[in-house]
Amino acid sequence: MFLSKPYSLPETTSSTISITVLGRKMARPLILCDFDNTISTSDVTDTLLQRFGLPGHEELEKDWVAGKIGSKECMSGQIGLLNASFDELNDCLNQITIDPFFPQFVKTVKKYNIDLHIVSDGLDYAIDAILQRYGLESIPIYANHLIQTGERNWKLDFPYESTNCKKKSGHCKCIHTRQQTGEQRRIIYVGDGASDYCVSHQTDWVLAKSNLIDYCRKNQLNHSPIQTFADAERLLPELLPEIFVPVTEDAILV
């Protein structure tokens, strides 16, 4: 069985929609959220490679960690070494879980008309498949594009790459962030690791997990440490006080 219907790429243009809260018009806030080890409880690509990776994928990882290659080259080479059928890939994805508090976080941001984008240097199809199991099908996913090229062969396309990306990433999260700014829009970023370092300088506030906490501290970036999305949800009224008023007829999209 083949991946006959790849994940449909979302639009990349800015969608800064204004909202009116208690008679005051403002740009709708945006939360940009990493996926691997932020929403998910494990790294999807690492999990797939541990199970289906052919020899050579470890060397690519070492070269990336050492700074010899960028994540685009690393990911492209590693996915090219993925030896899995479509059904095997899905069986593996079905075992990957997400932060149990993320679905409630999504409900909260929707209730208060806050935009949420997933921005990942991982695999779009995998992210979509995992989220569908939790009934989370409407979140725009911006990630590297997974394509099946043979019965057990895969490759990546990079619809969000940039030749100017300092990290040589497959997905330049900084470019995506800059496309979303405007009209004094508040942007909050949620992430955990190296792919989140550059973009953390581009946002108003960072909700940081794991290694991103130390990075934000060292670089004196506005941030709050979190462990789960329950922490993130509790912080939203403090970060967006102008938004967190009861949603009534006075708080509507315009």
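Visitor: At what angle do the axes of helix H4 (residues 86-93) and helix H6 (residues 124-133) cross?

Guide: Two packed helices are described by the angle between their axes and the distance between the axes. Here the axes of H4 and H6 cross at roughly 55° and come within 10 Å. Axes are lines fitted to C-alpha atoms, for helices over the stretch in contact, and angles run from 0 to 180 degrees between N-to-C directions. H4 is therefore oblique to H6; angles under 35 degrees count as roughly parallel, over 145 as roughly antiparallel, 65 to 115 as roughly perpendicular and the rest as oblique. Helices (H or I, at least four residues) and strands (E, at least two) are DSSP runs, numbered from the N terminus.

This is a predicted model: local features need pLDDT of at least 70, side-chain atom pairs count only at pLDDT 80 or more, and totals for chains, interfaces and linings use all residues. Residues are numbered from 1 along each chain as its sequence is written, and side-chain values use heavy atoms, with hydrogens and water left out.

Visitor: Which residues make the contact between H4 and H6?

Guide: H4 contributes Phe86, Leu89, Asn90 and Leu93, and H6 contributes Tyr125, Ala126, Ala129, Ile130 and Arg133. Contact means heavy atoms within 4.5 Å.

Visitor: How many disulfides does the structure hold?

Guide: A disulfide is a covalent bond between the sulfur atoms of two cysteines. The structure holds zero disulfides, counted as pairs of cysteine sulfur atoms within 2.5 Å. For Cys172, the nearest cysteine sulfur is that of Cys165, 3.9 Å away. For Cys174, the nearest is that of Cys198, at 4.9 Å.

Visitor: Is Cys172 buried or exposed?

Guide: Cys172 is buried, with a relative accessible area of 6%. Buried means under 20% relative accessible area, exposed over 50%, partly exposed in between (1.4 Å probe, protein chains only). Cys174 also counts as buried, at 12% relative accessibility.

Visitor: Where does Ser210 lie?

Guide: Ser210 lies in the loop between strand S8 (205-208) and helix H8 (211-218). Its phi is a positive value near 50°. Ser210 is partly exposed, with a relative accessible area of 48%.
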